[in-house]
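My notebook is open, and I have a list of things to look up.

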Amino acid sequence: MKIIDMHCDTIGAITTAKTPKELYDYEGQISVKKLQKGDALAQFFAIFIPTHCGEPEPIPKSAYEFYKKALNVYKTEMEKNKDYIMPAYNYDDIMKNKAAGKMSGILTIEDGVPLNGDINRLIEAYNDGVRLISFTWNYENSLGYPNSREEDKMKLGLKPFGIEVVEKMNELGMIIDVSHLSDGGFYDVAKYSKKPFAASHSCCRSLCNHPRNLTDDMLKTLGNKGGIVGINFYASFLNENENYTDIDSVVKHMIYIKDKAGIDALGFGSDFDGIGGELEFVDYSGMPMIIDALSRHFTDDEIDKICNGNMLRVIRETMR
């Protein structure tokens, strides 16, 4: 079963490493070697914007500069590893790369803070090859507000610029990602987007009461819109106050998503190289262990949808 994973932070980790690192044999949870061993079809590589980490300012001026720096790292790594993995910008590119025996890399941004209220920055990102944007991380930006444990803050919706970005992303051919977004922002995306959208790396709030997770109604809404949820492997999103990710808990959330959103809304969004703690399957090379566990609860056709079919449908309907 060839796998599409909707979210990892590997490029950001390589960009910020204190000593030079390379994607081919990176010692983190994802590398070219590990993607090959885990049977990857396509990997979404996020440029996570770390400018808020340890800083009190709501929108640091360095966000755009960091994005450009990480973009250069991504392009350099794709070029160095072009015998194994090639950039993809749409469904046809993925199929072309597959036919050539290569994996695909798809570029994303986690936290729309580099846009900073400028629609031309969005167009620039599209021209740079970005095909998915997570609207927020854990802080407010020009698009909207993050998830919160405070009810009033959680209800906050998209800002006017956020709504403009939804419409422009639909037009350009980019996937809107609601992971990290407030509940109010989620429902605004559902209201304004004419295309399927994604929660690229999220789990179920009914099984683990964390504001980063999706409620039953959100799962249903996303499924009805033709969207997709990528299951997150972070232990704290699977079980409260846990630091160990076991396969049974991953499968439990996936069964729940199928029940609430439908089998067509289920996929992978590992958050590899963005999560800590110990994982039973260690890293991407252990993905076949999860597929084996799924076989006890899902049919072969369903597993094929989970691994790549559902995401390929969303890509085909959204990305250009």
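**Entry: salt bridges**

I started at Asp292, which is partly exposed, with a relative accessible area of 48%. (My scale for that, with a 1.4 Å probe and protein chains only: buried is under 20% relative accessible area, exposed is over 50%, and partly exposed is in between.) Arg296 counts as exposed at 55%. The side chains of Arg296 and Asp292 meet in a salt bridge, 3.7 Å from N to O. The rule I used for a salt bridge is a side-chain nitrogen of Lys or Arg within 4 Å of a carboxyl oxygen of Asp or Glu. I also noted a network: salt bridges with shared partners join Glu22, Glu77 and Lys80.

Before going on, I wrote down where the model comes from. This is a predicted model, in which local features need pLDDT of at least 70 and side-chain atom pairs count only at pLDDT 80 or more, while totals for chains, interfaces and linings use all residues. Residues are numbered from 1 along each chain as its sequence is written, and side-chain values use heavy atoms, with hydrogens and water left out.

How many salt bridges does a search of the whole structure find? I got 18. As a reminder to myself, side chains of opposite charge can pair when their charged atoms come close.

Next I looked at Lys68, which pairs with Asp128 at 3.0 Å between the closest N and O atoms. (Helices are DSSP runs of H or I with at least four residues, numbered from the N terminus.) Is Asp128 buried or exposed? Asp128 is buried, at 14%, whereas Lys68 is partly exposed, at 26%.

One more pair went on the page: Glu151 and Lys155 form a salt bridge, with their closest N and O atoms 3.4 Å apart. Glu151 is exposed at 56%, and Lys155 counts as exposed at 56% too.

**Entry: cysteines**

I looked for disulfides, meaning pairs of cysteine sulfur atoms within 2.5 Å. The count came to zero. For Cys203, the nearest cysteine sulfur belongs to Cys204 and is 6.5 Å away. Cys203 is buried at 0% relative accessibility, and Cys208 is buried with a relative accessible area of 0%.

**Entry: nonpolar cores**

I then turned to nonpolar cores, which are sets of buried Ala, Val, Leu, Ile, Met, Phe, Trp, Tyr and Cys residues joined through side-chain atoms within 4.5 Å. The largest one has 88 residues, and Phe45, Phe233, Phe268 and Leu294 touch the most other members. Helix 3 gives the most to this core, eight residues. A second, separate core has 17 residues, including Ile175, Ile228, Met311 and Ile315.

I also checked Ile11, which lies in helix 1. Ile11 is buried, with a relative accessible area of 0%. The C-alpha atoms of Ile11 and Ala46 are 6.8 Å apart, though the two are 35 residues apart along the chain.

**Entry: pockets and a cavity**

Rolling a probe the size of a water molecule over the atoms shows where empty space is left. My rules, on a 1 Å grid over the protein atoms alone: a cavity is a set of points where a 1.4 Å probe fits but cannot get out, a pocket is an open set with protein on both sides within 12 Å along at least five of seven lines, and lining residues have an atom within 4 Å of a point. Grid points are joined across faces, edges and corners, and a volume is the space filled by probe spheres set on the points.

The largest pocket holds about 270 Å³. Its lining has 20 residues, and Asp9, Phe48, Glu110, Asp271 and Gly274 lie nearest the centre. Helix 1 (residues 10-16) gives the largest share of that lining, three residues.

The second largest pocket comes to about 170 Å³. Among its lining residues I found Lys2, Gln36, Tyr84 and Met103.

I counted one cavity of 30 Å³ or more. The largest cavity has about 50 Å³ of space. Of the 13 residues lining it, Val178, Leu181, Pro211, Arg212 and Leu214 lie nearest its centre.

How values were computed
Helix = DSSP H or I, 4+ residues; strand = E, 2+ residues; numbered from the N terminus.
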